[in-house]
Amino acid sequence: MSSNTSNSLNSLYQAHYEWLVKWIARRTQNWGDAQDLAQDTFVKLLGRPDKTEGIKSTKAWLAKIADNLVIDQARRQILERNYLAMLANMPEAMAPSAEQKWETLELLDQIDKLLNGLKPKEKLAFLMVRLEGLAYKEVAKQLGVSLSSTEKYVAKAMMTCYMNTYGLDE
């Protein structure tokens, strides 16, 4: 990273960090999370210093990045709550270790990121076919959609996974 880029990011941080924390805190109702997410916003920029060039509205741009991080955090929290609720109903003898719980939560987060942008039925169809091993006909029946729709949902989900893994730049 050139010193000009470093100075530019430093200036951006100095000028907007406090504003961004307050903006995020209004959305999350949590000052600690707001500070972490504001920091994460600027960390994202460290990996992409070229993205700071030619920005018309710095605050709107920072808010968009932070908003995406807030959404990601909320999605992770929902996944974690659902997983932990499922574990609470599991017999103690079958419960995974703390390490297994953490690994599963990380895996769920990765899957969620891969499927980001899909409609709920598209995600569900994909998960039913790929994770549960159900036939397309069975998925169509359970979702109350046509076989053709199920095939399209799964194909779209597979393409989304591919694009989110190897695809286009942000």
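1. In this predicted model, the axes of helix α2 (residues 31-46) and α3 come within 9 Å and cross at roughly 120°. Angles of 65 to 115 degrees count as roughly perpendicular and those over 145 as roughly antiparallel; α2 is therefore oblique to α3. The crossing of α2 past α3 is right-handed.

2. The contact between these two helices involves Asp-33, Leu-37, Asp-40, Thr-41, Phe-42, Lys-44 and Leu-45 on the α2 side. Their counterparts in α3 are Trp-61, Leu-62, Ile-65, Ala-66, Leu-69, Val-70, Gln-73 and Gln-77. Sorted by class, the contact of α2 with α3 comprises nine nonpolar, three polar and three charged residues.

3. Helix α3 (residues 58-88) also meets helix α4 (residues 98-114): their axes come within 10 Å and cross at roughly 135°. The pair α3 and α4 is therefore oblique as well, and the crossing of α3 and α4 is right-handed.

4. From α3, the residues that meet α4 are Arg-75, Arg-76, Leu-79, Glu-80, Tyr-83 and Leu-87. From α4, the contact draws on Gln-100, Lys-101, Thr-104, Leu-105, Leu-108, Asp-109, Asp-112 and Lys-113. The class division for the contact of α3 with α4 is five nonpolar, two polar and seven charged residues.

5. The lining of the second largest pocket consists of Arg-76, Gln-77, Leu-79, Glu-80, Trp-102, Leu-105, Glu-106, Leu-108 and Asp-109. Two or more lining residues are given by α3 and by α4, and the largest share, five residues, comes from α4.

6. By class, the lining of the second largest pocket holds four nonpolar, one polar and four charged residues. Several lining residues, including Arg-76, Leu-79, Glu-80, Leu-105, Leu-108 and Asp-109, also take part in the contact of α3 with α4. Gln-77 is another lining residue, and Gln-77 is also among the α3 residues that meet α2.

7. Helix α6 (residues 136-143) and helix α7 (residues 147-166) have axes that come within 8 Å and cross at roughly 105°. Since 65 to 115 degrees counts as roughly perpendicular, α6 and α7 are therefore roughly perpendicular to each other.

8. In α6, Tyr-136, Lys-137, Val-139 and Ala-140 form the contact, and they meet Leu-147, Thr-150, Glu-151 and Val-154 in α7. The residues of the contact of α6 with α7 divide into five nonpolar, one polar and two charged.

Note on methods
Residues numbered from 1 in each chain as written. Predicted model: local features only at pLDDT ≥ 70, side-chain atom pairs only at ≥ 80, totals over all residues. Heavy atoms only, no water. Axes fitted to C-alpha atoms, helices over the stretch in contact; angles between N-to-C directions. Helix = DSSP H or I, 4+ residues; strand = E, 2+ residues; numbered from the N terminus. Parallel < 35°, antiparallel > 145°, perpendicular 65-115°, else oblique. Left-handed = near helix turned anticlockwise from the far one by under 90°. Contact = heavy atoms within 4.5 Å. Nonpolar A, V, L, I, M, F, W, Y, C, P; charged D, E, K, R; others polar. 1 Å grid on protein atoms, 1.4 Å probe; cavity = no way out; pocket = protein on both sides within 12 Å on 5 of 7 lines; lining within 4 Å.
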